[in-house]
Amino acid sequence: MHEMSLAEGVLQLVEETARREAATRVKTVVLEIGRMSSVEPEALRFCFDSVTLGSIAQGAELEVVMVAGSGWCMVCAQTVALNARFEACPNCGSYQVQAVSGTEMRVKEIEIE
Amino acid sequence: MCTVCGCGAGETRIEGDGHAHPHVHEDGTVHSHAHAHGGDHQHPHDALPVAAHEHRHHHADGSVHAHSHGHQGEHAHPHEPPAAADLDYGNSPARAHVPGLSPSRMVQIEQDILAKNNAYAIANRAHFDELGIFALNLVSSPGSGKTTLLVKTIEQLKATRAISVVEGDQQTSNDAERIRATGVAALQINTGKGCHLDAHMVGQAIERLRPADESLFLIENVGNLVCPAAFDLGERHKVAILSVTEGEDKPLKYPDMFAAADVMLLNKCDLLPHLDFDVDLAEANARQVNPHLTIFRVSARSGEGLSAWVAWIQAGLEAQRDKRAATVAGLKARIAELERKLAAQ
């Protein structure tokens, strides 16, 4: 359960921030997940609800903002849009493409009371 | 679910389930995502819109865009409730918040979810570099022959270098016992329910094993081709092991792992005469995912190809030692310079 570890990572960041801000409740947690990251958003959502039980973030709404993928094609020498990490370049068909965005997994912000 | 436009399912794709719709966004990007339906309805969407209608979307940053959505033929469309199909963050309490009017507030975090693991990994790597230790993280599916390969590798190297091994498994200490039988130090980590080793576990293993200066540190990760790819342990290289009794397309099925690795060992090559495994195809698939991959064809059982792999480790050990020597020499020069300055005062 890889997403479980990630959900725990999210909770740690949320709890640290909530404590620092002297919050009493976390209402919303906003994540930025790249389309080409190794995260399955639905599984993460499920795990998030489980790990937040009994924490300050219990019942918090999880918003997942998907970030589009792009990569640098070494053959075309330009940035191209990617749907999957190991996709060929849409222009030239080469697999010499280095992912430049869409692999992120970040906690962007939280809404607290 | 796609939270850009509020439709579609996650990235888990089950063959035969749902279908995909392409969307064009305002900035010109096109994406397509799967779209599963709970209710039964016909859905003869054609490529060309006949009777198009529009949906407006509000984005988290307040921008609004619309895109058209074509239909051909009659079909019921019980996307329930219609209003819920549009994710309107602009109306949500989180976005409509005005400071001072409500007790809730947004706090920016902007941190990587794996930040904690990565911090431990950086500390482990710094420790390895400081002591000139060459650390490898061996990853594969269960049963690819990782432990046998480690035992054979250790037998060839233990005379020249100190070696310590971390064994990751959900349960049992069988693997650590097999390694200890070769005479080198080994520590078993049982992850219990966990599917991977993390950098904190490895940090604790370093404290227990206390690897010698300029030694070889081998980490045998939990047999799993998915999760260990995302967790940096502080190693110099990830080494993926693929055995020829698996499919040639494994690098394509589990691309994250082969992309994260620098080296791939194609193990059990002694069995090739008895199999239909296409070695060249397997290597081509792996290079499609990771063009920079170094590949060795080996057999831990017969010993074929192991000398090239062992030579690669020795080169790594030497590079790590040279790097440390350069650092130490640099520091010594700096101390000598400071002492000279002090003496001159």
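**Sheet and interface of chain B**

Strand E7 (residues 163-169) and strand E9 (residues 216-220) of chain B run parallel and are joined by 5 bridges. Strands (E, at least two residues) and helices (H or I, at least four) are DSSP runs numbered from the N terminus; two strands pair if DSSP finds at least two bridges between them. Within this pair, Val165(B) stands opposite Leu218(B) in E9(B).

The model is predicted: local features need pLDDT of at least 70 and side-chain atom pairs pLDDT 80 or more, while totals for chains, interfaces and linings use all residues. Residues are numbered from 1 along each chain as its sequence is written, with chains lettered from A and ligands numbered from 1 in the order in which they are written.

In chain B, 7 strands form an open sheet with parallel pairing, in the order E8-E7-E9-E6-E10-E11-E12. Strand E8 (185-190) and strand E12 (294-297) of chain B stand at the edges with a single partner strand each, so one side of each lacks a neighbour in the sheet. The twist averages 20° from one strand to the next. Angles run from 0 to 180 degrees between N-to-C directions, with axes fitted to C-alpha atoms, for helices over the stretch in contact. Helix H5 (residues 199-209) of chain B packs on the sheet and touches E7, E8 and E9 of chain B. Its direction makes about 150° with that of E8(B).

Between the chains, 38 residues of chain B are in contact with 35 residues of chain A (C-beta atoms, placed from the backbone, within 7 Å). E5(B) gives the largest share of chain B's side, 8 residues. E5(B) pairs with strand E6 (residues 105-112) of chain A in the antiparallel sense over 6 bridges. Ile110(A) stands opposite Val107(B) there.

Definitions and conventions. Two residues are in contact if their C-beta atoms, placed from the backbone, lie within 7 Å.
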